[in-house]
Amino acid sequence: MRKAGGIIALIAGVFAVIAAIFTLLIGGTASAFEAKGADTVVMLGWGGVAFSFLTIVLGAVCITATSRWPAFLLIVCSLAGAVLGGTLVAIFMALALAGGVLGVFGKGAAPAAAVVALAVALGAGSAERAVAQSRTVDVIDFLVDRDDMVGQSVTITGCRFGAATDSQVLCSAGAQGSVSIESKTLNREDLRRALRQCSDFTAFASVACGGSVTGTVTKGPFGFRLTKAAIGWRPSP
């Protein structure tokens with residue numbers, strides 16, 4: 001079972017390296033636009049790279065090791081990587097942790113148990129990722145906290161849509177402000193309806209132009225914008 005744990009950790013380390021590189025790309029992009037918290041994301045990315053490579057090394061050692069010390073070190077490394085490597089890396093560090101536990105407590109060959117441990121770790125990682133990716137906020141809360149949501153997928157409720165063009169659709173909170181939705185990546189049917197029914201400023205007062213919107217928060221030279229979005233239209237009375 002120690003060999004199975006090493007193999008699991010080795011695979012987890014490879015995917016964790018990819019996740020860490022992706023984290024670095026996100027942090028670098030955010031730094032280019034001087035987004036809040038970008039430096040922290042970059043630091044997490046480098047931490048993820050370091051612990052991911054260490055996980056690969058320890059996983060390879062566990063495959064042929066006769067003692068449990070490499071597996072103990074693997075557990076410590078996976079826990080540190082989960083804390084210091086960011087959310088994406090933590091998903092795969094859960095796999096590495098499962099491999100370390102198998103390496104410590106396993107005495108013989110038990111492929112079925114290894115598969116069960118791998119499935120449990122994958123399920124936990126998928127659940128964590130789903131939680132991390134889903135976030136629902138009111139439009140007012142979004143206007144206040146949007147600096148902290150760059151790169152995240154969010155659902156904004158309480159929108160009044162209007163001023164729709166081929167470049168953007170506005171989700172308005174009234175005099176308090178509005179959220180720009182990119183038309184180019186907006187769901188085609190939603191864009192078609194917005195252009196037909198919510199193209200002028202009077203649409204903000206229309207019941208047919210109310211609802212929620214789900215998309216990815218980005219920040220560019222012209223401010224914040226929601227991309228790859230889809231609109232949840234308010235049911236007609």
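Student: How many salt bridges does the structure hold?

Tutor: The structure holds 2. Keep in mind that this is a predicted model.

Student: OK. Which residue does Asp 147 form a salt bridge with?

Tutor: Lys 219. The closest N and O atoms are 4.0 Å apart. This pair links distant parts of the chain. Asp 147 sits in the loop between H6 and strand E2 (153-162), while Lys 219 belongs to strand E5 (residues 210-220). They are 72 residues apart.

Student: Where are Glu 189 and Arg 192 placed?

Tutor: Both are in helix H7 (residues 188-197), 3 residues apart. That separates them by about one helical turn. An α-helix has 3.6 residues a turn, so residues three or four places apart point the same way.

Student: How accessible is Glu 189?

Tutor: Glu 189 has 52% relative accessibility, so it counts as exposed; the cut-off is over 50%. Arg 192, at 37%, counts as partly exposed.

Student: New topic. Which residues form the negative surface patch?

Tutor: Asp 138, Asp 141, Asp 145 and Asp 148.

Student: Where does Asp 141 lie?

Tutor: In helix H6, residues 139-145. Asp 141 is partly exposed, with a relative accessible area of 39%.

Student: Let's zoom out. How many helices and strands are in the protein chain?

Tutor: There are 7 helices and 6 strands. From the N terminus on, the order is α-α-α-α-α-β-α-β-β-β-α-β-β.

Student: What share of the chain is buried?

Tutor: Buried residues make up 41% of the 237 residues.

Student: Now H3. How far does helix H3 reach from its first C-alpha to its last?

Tutor: 22 Å, close to the 22 Å expected at 1.5 Å a residue. H3 spans residues 69-84 and has 16 residues.

Student: Which residues in H3 are buried?

Tutor: Pro 70, Ala 71, Leu 74, Ile 75, Cys 77, Ser 78 and Gly 81.

Student: And what follows H3?

Tutor: Gly 86 follows H3. Its phi is positive, near 95 degrees.

Notes
Residues numbered from 1 in each chain as written. Predicted model: local features only at pLDDT ≥ 70, side-chain atom pairs only at ≥ 80, totals over all residues. Heavy atoms only, no water. Patch = residues over 30% accessible without salt bridge, like charges linked within 9 Å, V, L, I, M, F, W, Y side chains within 5 Å. Areas by Shrake-Rupley, 256 points an atom, 1.4 Å probe, with all protein chains shown as cover. Salt bridge = Lys/Arg side-chain N within 4 Å of Asp/Glu carboxyl O. Lys, Arg positive; Asp, Glu negative; His and termini not counted. Charge placed at Lys NZ, Arg CZ, Asp CG, Glu CD. Helix = DSSP H or I, 4+ residues; strand = E, 2+ residues; numbered from the N terminus. Buried < 20%, exposed > 50% of the residue type's maximum accessible area, 1.4 Å probe, protein only. Expected span 1.5 Å × (residues − 1).
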